[in-house]
Each structure stands twice: as structure tokens, then as C-alpha cells.
Amino acid sequence: MSESNEKAVVTARFLADGAPVYLKADGTWGRALQEAQLFPAERADTEAVMRAKTEQRLVADPYTIKVLVESGGFIDALSARERIRATGPTVRVRRPD
């Protein structure tokens, strides 16, 4: 694993539905990790703090996660927790009927 490929992204959750979101390059929030803007780790922390102060009505608890950018530009979260957040539940959601 090359150190130069390690970056960080800013993540949070929407207040409306609790879904995980990722800060995109255009300044909006998207639900796909692959759309996230990549930051050097030290800059991502600053961005997360700024977003926490200015977007309290839209998202909750912005923070940074370390990611690895694989060949082809695929973004992969380095922790199992963040991989699960990015891909959805690990169990099937059963319909109530």
C-alpha cells in the first residue's frame, strides 16, 4: 500500500433521514463514497470542522475518514466500519409484509 495513495474524505449523515453522506468537490453532499472529494488528511480535518459549524441544519457530525485510492480511481475506505456505511447494511432488510 503506497502512502501517496492514502487520502481522506469528509463524511457526515443527513439530518432528514440519517443516511451517510460524503462531501463532493462542488461543495454539496452525496450519498456515494465514489463521488467524494479527496483531501490530504490535514486539510480534511479543517474542512470537517468548518462544515460542522456552517451546515448544522443539513448534516450532523461531519468527520474525516482515511481512504485508499486504488488504480482506476476507485475509493476504498480503510476501516471496516466505514466500508459498511458506504455499502449499506450487512444483513437483508426484511419487508414487514
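The side chains of R83 and D76 are joined by a salt bridge, with N and O 3.3 Å apart. A salt bridge here is a side-chain nitrogen of Lys or Arg within 4 Å of a carboxyl oxygen of Asp or Glu. R83 is partly exposed at 36% relative accessibility. D76 is buried, with a relative accessible area of 17%. Buried denotes under 20% relative accessible area, exposed over 50%, and partly exposed the range in between (1.4 Å probe, protein chains only).

The model is predicted: local features need pLDDT of at least 70, side-chain atom pairs count only at pLDDT 80 or more, and totals for chains, interfaces and linings use all residues. Residues are numbered from 1 along each chain as its sequence is written, and side-chain values use heavy atoms, with hydrogens and water left out.

Five strands form an open sheet in the order β3-β2-β1-β4-β5, with antiparallel pairing. The edges are held by β3 (29-30) and β5 (75-77), each with a single partner strand, so one side of each has no neighbour in the sheet. Strands (E, at least two residues) and helices (H or I, at least four) are DSSP runs, numbered from the N terminus. Two strands pair if DSSP finds at least two bridges between them.

Strand β1 (residues 6-14) pairs with strand β4 (residues 59-69) over eight bridges, in the antiparallel sense. Within this pairing, V10 stands opposite T64 in β4. Three bridges link β1 and β2, again antiparallel. P20 in β2 is the bridge partner of R13. The hairpin of β1 and β2 has five residues between the strands, and G18 there takes a positive phi near 80 degrees. β2 and β3 are antiparallel and pair over two bridges. L23 stands opposite W29 in β3. These strands also form a hairpin with five residues between them, and G27 in the turn has a positive phi of about 90 degrees.

Contact means heavy atoms within 4.5 Å.

R51 is placed in helix α1 (residues 41-54). The residue counts as buried, at 10% relative accessibility. Neighbours within four places in sequence aside, R51 is in contact with L23, G27, W29 and P62.

The salt bridges number seven. One of them joins the side chains of R31 and D17, at 2.9 Å from N to O. R31 lies in the loop between β3 and α1 and D17 in the loop between β1 and β2, so the pair ties together parts 14 residues apart in sequence. R31 is partly exposed, with a relative accessible area of 47%. D17 is also partly exposed, with a relative accessible area of 47%.

E82 pairs with R85, the closest N and O atoms being 2.9 Å apart. E82 and R85 are three residues apart in the helix, and so are separated by about one helical turn. E82 is buried, with a relative accessible area of 5%. Elsewhere, salt bridges that share partners join E47, R51 and E55 into one network.
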